[in-house]
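Trainee: Please take a close look at one helix pair in this model and its surroundings.

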Amino acid sequence: SKLTRVSKPFSCPIFNWASSTAAELIDTAVLGQVNSKWVAAQAAVNAFLGSFAWVFNFLSYGPTAQIGQKVGEGKTTSVGIYIRLAILTAFGLGLCFSLVLFGGRNFLLQHFLGAQPPLLEAAIPYWNIRVLGYPLTLTAMALVGVLRGLQQIKVVMVAVFTMTVINGLGSYLSVFHWDFGLQGVAFSTVLSFLVCNLILIISLLKKSKEVGLFKRSNESLQAVFHFGKDAFHLTVRTAFLSLAFFILVLFATRLGSDILAAHQIMLQLWLLASFTMDGFAVTANSIGAKLIGQKRFSDHFILCKRLLVLGCSMGFCLSFCYMIAQTPILYFFSKDMNLHAKLKDLWFFLILTQPMNGILYVLDGVLFGCRQFSDLRNAVFYGFCFVFTPLLVFSYFVDLQFTYLWYCLFSLNMFRLLFGLLVFQKNKRD
């Protein structure tokens, strides 16, 4: 069918493999080959930068759904106000938080996170460079969301793939050939975001007349209202989700630098499913929003069901890869046998959880495309308050261990999955 032909290339995971998560995975693997403390330092810094980036993901998901539905309604020339609002908000927030994080690095890393002096010495130079480039990070998020809403998914794939190649190649050369260490890795990341932004901006400017990029709009107040409403729901959602990840880093830091390094590697393996399924989630969000705007609800439902099946199937494929390639994967990230031993304690758990994670990540994309941001918010909020936190407190008072931290995170994901499936079934009936 036409729907299948349109969605298939956008859903192919290999084309959507490149992402900021992939770049972080590459950095972790490169650093782990040299010094496990560098991996720990990276984990400490990304605990903050990654958390804030997730909190601000309304800059990406909100515009994708909003603009996608407008495009589906045939109102492409009226989306300029939404584009300007998303980009200016992203850059402004990035600039403000860059200054705050740069000035508060010692307090946040040493007193709040509890990092010890050896870890601080490695982390602060990396922190300074990454933080000063933070406006580029948030601006890239907004531009990706805007162009996905405009159905320019191939342009986004090219830009993000280029970003990942620059980041990965720069990190490799900085560590193994130029002896720049963590600072070289940080510069590579900032440069990659700069190039990604340039590619996306050039593409957007080429369509400026078609989308009314510089056109004055009478919908300014309405756009601000809808943007603010979506931003509130998504900020609450990602704030509590980021808080869950940050708490895990907080406890892992206090368990020692080896545990923190193992946690960082496990996190990359866990999130591998996320960006592997990114193609399916993007299709559900961008093309799904367009179908809703066109009021093609039956086609939208068919698309969503197929994508959920594909997400689950890809999860099983990941589980199979983890099952047969444990040793090569461990050596890919580090040659430290102590880290290997800690990661092996969670390996069966990692294999078991991938199919469920695959369904969850695609389901989130489905609900994003439907603009059901309040349901996404409630799923994370209730899961954090009534599942994740009680289990973590229980583990803390019984006998806090590295494995227990990840059991708490999986329980949160299971609650989100069940909650999301209930919402999806309700939409089917409606």
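**A helix crossing and its surroundings**

Mentor: In this predicted model, helix 3 passes helix 13 in a left-handed crossing. By class, the contact between the two has 7 nonpolar, 5 polar and 1 charged residues. Helix 3 covers residues 36-55 and helix 13 covers residues 257-276; their axes lie 8 Å apart, at an angle of about 55 degrees. Angles from 65 to 115 degrees would count as roughly perpendicular and those under 35 as roughly parallel, so helix 3 and helix 13 are oblique to each other. On the helix 3 side the contact is made by S36, V39, A40, Q42, A43, N46 and W54. These meet S257, D258, L260, A261, Q264 and L271 of helix 13.

T28 and V39 are 11 residues apart in sequence, with 6.0 Å between their C-alpha atoms. T28 counts as buried because its relative accessibility is 0%, where the cut-off is under 20%.

Helix 4 is mostly covered, with 14 of its 15 residues buried. G74 follows helix 4 and has a positive phi, near 80 degrees.

Definitions and conventions
Residues are numbered from 1 along each chain as its sequence is written. This is a predicted model: local features need pLDDT of at least 70, side-chain atom pairs count only at pLDDT 80 or more; totals for chains, interfaces and linings use all residues. Side-chain values use heavy atoms; hydrogens and water are left out. Buried means under 20% relative accessible area, exposed over 50%, partly exposed in between (1.4 Å probe, protein chains only). Axes are lines fitted to C-alpha atoms, for helices over the stretch in contact, and angles run from 0 to 180 degrees between N-to-C directions. Helices (H or I, at least four residues) and strands (E, at least two) are DSSP runs, numbered from the N terminus. Angles under 35 degrees count as roughly parallel, over 145 as roughly antiparallel, 65 to 115 as roughly perpendicular and the rest as oblique. A crossing is left-handed if the near helix is turned anticlockwise from the far one by less than a right angle, and right-handed if clockwise. Contact means heavy atoms within 4.5 Å. Ala, Val, Leu, Ile, Met, Phe, Trp, Tyr, Cys and Pro count as nonpolar, Asp, Glu, Lys and Arg as charged, and the others, Gly among them, as polar.
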